[in-house]
Amino acid sequence: MVVNSVEFLFFFVIVFLLYYLPFRSNVKLQNIVLLAGSFFFYGICEIKMIPLLFISILVFYFIGIQIERYRDKNNVLTSVFSYLGIVLGIGLLIYFKYFNFFIESISSSLTAIGLHSNLHTFNIILPIGISFFTFKLISYTLEIERGNITASHDIVAFSNYISFFPTILSGPIDRPGKFLPQLAKFRSFNYNTATDGCKQILWGMIKKMLIADNIALFVDPCWTYVNEQSSFTLLLAIIFFPIQLYMDFSGYSDMAIGVGKLLNISVAKNFNYPFFGRNIAEYWRNWHMSLTGWLTDYVFMPLNIKYRDYGVNGSIFAIILTFVLIGMWHGASWTFVLFGLYQGLLYIPLMKSGAFFKKKKIKLNKSGYPCFKDFRKMVFTYFLFSVGLILFKAPSLLYSYHFLHAIVNNWSLPLITVSEWSRPVVFFGLSCLLIVHEWNHRKDEYAFSAPLFIKSHFFRIVFYYVVFAVVLAFAADSTQFIYFQF
Amino acid sequence: MSRSEIFEKLNEIFIDVLDLDEIELTDDTSADDIEEWDSLSHIQLIVSIEKTFKIKFSSKEILSWKNVGEMVDCIESK
């Protein structure tokens with residue numbers, strides 16, 4: 001059940017009504033409704049994994065209370081329970097997501113050196129959303145251990161934090177310190193927050209259904225039928241993909257945040273106009289922020305603190321290791337490992353030259369847009385990111401090699417016909433215009449509202465309905481959200 | 001060293017490391033208040049503070065600070 005489906009709409013209307021209407025000012029009942037909705041939603045998506053989610057919640061609820069109980073009193077037991085939480089969280093991920101990858105890697109390494117291997121992979125079903133909810137579980141453990149939060153003694157509230165239905169499948173990855181306090185008090189319906197949420201959902205639908213899905217009509221076949229595409233077409237597919245990915249994933253994030261606002265719950269921000277980054281560091285600072293923020297706090301910072309006496313080289317080591325983990329978080333494949341490594345390596349020139357530390361504001365021209373020098377840097381950064389995404393998009397290292405090989409050798413093949421590519425190119429052009437539009441709204445949370453010249457409240461509402469109708473009319477056949485696979 | 005002297009030295013370090021024109025640190029100042037203060041410049045600040053005050057922080061101490069006031073408390077305790 002995807003967020004932009006009719007089924008979700010029916011489901012959400014029921015949850016929404018039960019959430020606000022019959023249980024006025026009763027926070028416990030409101031949280032129970034939310035939890036029932038979240039488990040129903042997860043059950044519809046992955047019924048077999050409900051026990052796993054339920055047991056994980058119970059175990060980490062217990063661990064959290066134990067860490068708090070012994071914190072500042074018994075360092076050994078605090079560490080034992082903290083490590084237990086970390087090991088169980090990472091263990092869940094390793095078993096469900098990486099176990100077969102390790103077996104395959106060991107097996108192929110043994111074969112490569114001429115040894116016979118009897119290792120076999122297991123039939124392990126990957127629970128949907130596991131990368132997201134295990135990171136929440138680990139975050140909860142570490143925040144209690146660091147003394148930043150107190151353990152939750154409300155199992156319903158804690159369960160809601162882990163299983164919150166708008167974010168369980170694809171994030172953003174909320175932090176307990178900001179999320180749990182919201183569940184401690186009754187959320188009354190707030191008209192302004194709710195309408196803001198509706199606008200953000202509509203903005204997400206524009207990005208996902210109108211832009212990403214239409215660009216996918218061009219990009220996805222290019223990747224499926226690599227040998228039949230000309231080099232030029234494949235290059236276009238590389239250039240188009242970051243926009244598709246951004247519109248897809250940030251569109252989902254906008255919808256999740258918007259649904260949260262309808263329930264008067266604030267969800268973490270995930271994107272902050274990344275295409276205006278002038279180097280890879282600025283880019284990543286604003287891309288999938290809830291994941292990069294998580295890894296910054298729990299991996300990069302401890303590593304960087306530990307190796308601080310090695311100066312820039314210590315920081316480079318911490319950055320590269322963090323990015324390899326960011327890559328691996330996306331999936332159990334060498335393509336993702338190399339994707340992360342590539343992103344990490346791009347930091348080296350920045351760190352060595354000192355450019356990383358000089359945070360200069362973007363220079364604007366008379367029209368209020370970036371000056372040519374900064375614009376050039378943005379385009380170059382986009383290009384660097386596009387190249388890295390070959391590894392992200394390719395199903396295997398061999399396939400990414402085939403893709404690059406086809407780019408070099410397929411210059412003689414005919415271009416795809418105008419009728420085949422006119423629609424995606426139109427939507428790519430439209431998405432470029434949307435990014436210009438984002439520039440004009442870069443200080444806002446999201447870049448969408450009725451034009452200011454429409455003063456009447458009635459006509460502003462009409463405007464949103466017209467946009468909604470346009471999205472439905474021009475939406476491509478819905479494709480799965482790219483980040484659901486993680 | 002008094003608390004105000006620590007603040008004075010910290011001001012100098014922050015201006016130098018973060019390349020700022022001026023800054024007035026208070027107990028409540030945190031990374032949210034200074035755009036240039038990110039995860040990487042944080043480490044540079046710590047290295048510079050350790051050199052200036054000739055002290056060494058533990059990882060646990062560094063990770064526990066929520067604002068400048070807690071950082072100063074930690075320096076005072078050394």
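Modeller: Let's begin with Asp309(A), which counts as exposed at 54% relative accessibility.

Colleague: Why is Asp309(A) called exposed?

Modeller: The label goes by relative accessible area: buried is under 20%, exposed is over 50%, and partly exposed is in between, using a 1.4 Å probe and protein chains only. Asp309(A) has 54%, so the exposed label applies. Before we go on: this is a predicted model, where local features need pLDDT of at least 70, side-chain atom pairs count only at pLDDT 80 or more, totals for chains, interfaces and linings use all residues, and side-chain values use heavy atoms, without hydrogens or water. Residues are numbered from 1 along each chain as its sequence is written, while chains are lettered from A and ligands numbered from 1 in the order in which they are written.

Colleague: What makes Asp309(A) and Lys56(B) a salt bridge?

Modeller: The rule asks for a side-chain nitrogen of Lys or Arg within 4 Å of a carboxyl oxygen of Asp or Glu. Here the closest N and O atoms are 2.9 Å apart, so the pair qualifies. Asp309(A) sits in the loop between H11 and helix H12 (312–330) of chain A, and Lys56(B) in the loop between helix H2 (39–53) and helix H3 (59–64) of chain B, so the pair joins two chains. Lys56(B) itself is partly exposed, at 44%.

Colleague: You keep saying helix. What makes a stretch of chain a helix?

Modeller: Helices are DSSP runs of H or I with at least four residues, strands are runs of E with at least two, and the numbering starts from the N terminus.

Colleague: How many salt bridges are there over all chains?

Modeller: The search of the whole structure finds 18. One of them pairs Arg175(A) with Asp297(A), the closest N and O atoms being 3.0 Å apart. Arg175(A) is in the loop between helix H6 (155–163) and helix H7 (176–183), and Asp297(A) is in helix H11 (residues 289–306), so this pair ties together parts of chain A that are 122 residues apart in sequence. Another pairs Arg278(A) with Glu282(A), the closest N and O atoms being 2.8 Å apart. Both Arg278(A) and Glu282(A) are buried.

Colleague: Why is Gln343(A) called buried?

Modeller: Gln343(A) has 0% relative accessibility, so it is under the buried limit. Its place is in helix H13 (residues 334–345) of chain A. Leaving aside neighbours within four places in sequence, Gln343(A) is in contact (heavy atoms within 4.5 Å) with Ile280(A), Trp284(A), Phe323(A), Phe385(A) and Gly388(A).

Colleague: And Leu58(A), what makes that residue part of a patch?

Modeller: Patches take residues with over 30% relative accessible area and no salt bridge; like charges are joined within 9 Å, nonpolar side chains (Val, Leu, Ile, Met, Phe, Trp, Tyr) within 5 Å. Leu58(A) has 38%, so it passes the area test. Together with Phe54(A), Ile55(A), Val59(A), Leu84(A) and Leu88(A), Leu58(A) forms a nonpolar surface patch with about 480 Å² of accessible area, computed by the Shrake-Rupley method with a 1.4 Å probe and, for residues, only the protein chains shown as cover. H3(A) gives the largest share of that patch, four residues.

Colleague: Which residues form the positive patch?

Modeller: Those are Lys360(A), Lys363(A), Lys373(A), Arg376(A) and Lys377(A). Lys and Arg count as positive and Asp and Glu as negative, with His and the chain ends left out; the charge is placed at NZ of Lys, CZ of Arg, CG of Asp or CD of Glu.

Colleague: How do you know that the bond between Gly171(A) and Pro172(A) is cis?

Modeller: Omega there is about 0 degrees. Pro172(A) is in the loop between H6 and H7 of chain A.
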